[in-house]
Amino acid sequence: MRYSKLFSPTLRDTPADAEVVSHQLLLRAGFIRRVTSGIYDYLPLGLRVLRNVERIVREEMNRAGGQELLMPMVQPSEFWQKSGRWEKYGPELLRFKDRHGHESCLGPTHEEVICDLMSRELRSYKQLPMNLYQVQNKFRDEIRPRFGLMRGREFVMKDAYSFHANDECLAAEYQNMFETYHRIFHRLGLKFRAVEADNGSIGGSASHEFHVLADSGEDLITHCSHCEYAANVEKAVSKPQTYQGSDSSLTEVDTPYQTAVEDVAALLKVATSSLLKTLIFHVDGGENDGQVVAACVRGSDQLQDIKLARALGATEVVLASAEEIASIGTITGFSGPMDLNCPVYIDASLHDAVGLIAGANKKGLHVSGLNIQRDLNNVIFADLRQTQAGDTCVKCNIGLMEMSRGIEVGHIFELGTTYSKPMDVLFQDEHGKRAVATMGCYGIGVSRLMAAVVEQCHDDAGITWPVNIAPFQASVITLGKSETAFAASEKVYQDLLQAGVDVVWDDRKESPGVKFKDAELIGIPLRIIVGDRGLDNDALELKTRWGAVEEASLADVCQKAQHMLADMQQG
């Protein structure tokens, strides 16, 4: 490709609405352009990177035994109604009617479609196991799209679905995909962590998320300093630091204006860990739909609402209104767990706690000396607290938990029969009986990976793509306007093409500074500089994007470039 023919509109200034580095650089370097909120054009450079990422994903999925197919983006509503997700999925599912009044949706995921296919084609256990995958556009109507490709509405995803005759076979394939994902992200040159995760709206049992470590990550993940245990904070469990008050009688104390934990602790001259924090929630979904519940954690802890929702079997929990709070016999700012007209959930770490301070359910009053076992009846204990840095690891009992920010780029699930049972994915087992297939599903955000790589691979000058996914591996840059330099540049360019190097030739009539800045901004791993001075000395300069410089003669420059690129790929 000659740069003079390349559609690559670069920007010198950072767009005002681009908040994170990847969004800024992908716009500035001419990889993407915004169409509307959360939807982007992939310009030629961006599409080349996207295709390179897809190639690595496909190679590893095929190596792992997956078979590629392609399913439609438009899905009929009856599939989702059959699985029970038509209403459950929420407003992110973009629903519409065609001219015949038939309801459909744009697919955010494809469990229903693949199950419909398998329900019609699966006959015998001899066809199992089977892993089918696709690389396809998805649409989720995000309420607040942001950060460019990191959280868009339309995006490219690899989604795979496996079917099995039994749970043991599913567990083996889950491990196969776990290892496959590690190979994919290692090949992409990423620093990442696989963490235990909550299954969320997709359902099922075991799941792991794969997070690219980056300060801009939306997810908070925790990991042990000693062993391999790591989890999303929505799922993480740990041993909290122990705080035990002294056992005493229950006494009301005046707290006339103090409602926040920190303010009450300051007034009473105690640590926040001495307080019991009581939050009131409205429950959406599940058997407790519409109920009001109270949830309690220690004052120094944060309540993880995803854990509470799972304990309730709910879709989600939201903070209750003032009217709902009053309806259970308490008051905003002074809520406590005693004598409430609703279920009370308490974090399991407080099972035997004594000497706590809690709201008295009366304006301007708290109680001290609260003994969980003595003073409360019919409470439900569950893991509700969010793991904090410094907690002891539950796996090894040695290491302390640390916190990092991550960008979720992959997620694998053991679904079991969550979808295959309602969708009638049946087969004849080895005993001649009808059985329900058990499932796994495995997703990778391909377009999000582009952004995640840039978040890790950049410097002040621009993007620093790993060589195996860069839009071009090398750039031949012609300096000056002499026929000699131009002819030599064309020879180097043609030699590299014949050697299989993905190369762009910057033949523009621009200054050296403009050419160098564009090459750095775009992130091309290797620059080969062809100018009269280098030709006169028969010593052309080869410079990596990371600053390493070598020289080679015109006759040897192609071979030298291949060796340098090979070294970059191995390193």
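## Strand β8 and its partners

Within the sheet pairing of this model, Gln134 has Asp159 of β8 as its bridge partner, and the two strands concerned, β7 (residues 130-139) and β8, pair in the antiparallel sense over ten bridges. Strands, like helices, are DSSP runs numbered from the N terminus (E, at least two residues, for strands; H or I, at least four, for helices), and two strands pair if DSSP finds at least two bridges between them. The model is a predicted one, in which local features need pLDDT of at least 70 and side-chain atom pairs count only at pLDDT 80 or more, while totals for chains, interfaces and linings use all residues. Residues are numbered from 1 along each chain as its sequence is written, and side-chain values use heavy atoms, with hydrogens and water left out.

Strand β8 (residues 154-164) also pairs with strand β26 (residues 438-445), to which eight bridges join it in an antiparallel run; here the bridge partner of Ser162 is Gly440 in β26. Ten of the eleven residues of β8 are buried, so the strand is largely enclosed by the rest of the structure, where buried means under 20% relative accessible area, exposed over 50%, and partly exposed in between (1.4 Å probe, protein chains only).

## Domains

The domain assignment, which is automatic or taken from a database, gives domain 1 (49-73 + 108-236 + 403-454), domain 2 (251-382) and domain 3 (472-570). The centres of domain 2 and domain 3, taken over C-alpha atoms, are separated by 66 Å.

Five strands form an open sheet of mixed pairing, in the order β17-β15-β16-β18-β21. Because β17 and β21 (380-382) stand at the edges, each with a single partner strand, one side of each is left without a neighbour in the sheet. On average, neighbouring strands of this sheet are turned by 35° against each other, direction ignored. Inside the sheet, β16 and β18 run parallel and are joined by three bridges, and Cys296 stands opposite Ile346 in β18.

Helix α8 lies across β15, β16, β17, β18 and β21, and runs at about 125° to β17; such angles run from 0 to 180 degrees between N-to-C directions, with axes fitted to C-alpha atoms, for helices over the stretch in contact, and contact means heavy atoms within 4.5 Å. In α8 (residues 305-312), Lys307, Leu308, Ala309 and Leu312 are buried, and what covers the buried residues of the helix includes β15 (276-284), β16 (292-298), β17 (316-319) and β18 (344-347). Just after α8, Gly313 takes a positive phi of about 65°.

## Salt bridges

The structure holds 33 salt bridges, each being a side-chain nitrogen of Lys or Arg within 4 Å of a carboxyl oxygen of Asp or Glu. One of them joins Lys82 and Asp424, with the closest N and O atoms 3.1 Å apart. This pair links distant parts of the chain, 342 residues apart, with Lys82 in helix α3 (residues 77-83) and Asp424 in the loop between β23 (401-416) and β24 (426-428). Lys82 is partly exposed at 42% relative accessibility, and Asp424 is partly exposed at 39%.

The side chains of Asp506 and Arg508 also meet in a salt bridge (2.9 Å, N to O); Asp506 is buried, with a relative accessible area of 1%, and Arg508 counts as buried at 17%. Glu520 and Arg527 form another (3.6 Å, N to O), in which Glu520 is partly exposed at 25%, whereas Arg527 is buried at 8%. Elsewhere, salt bridges that share partners join Arg55, Glu59, Glu60, Arg63, Arg183 and Arg187 into one network.
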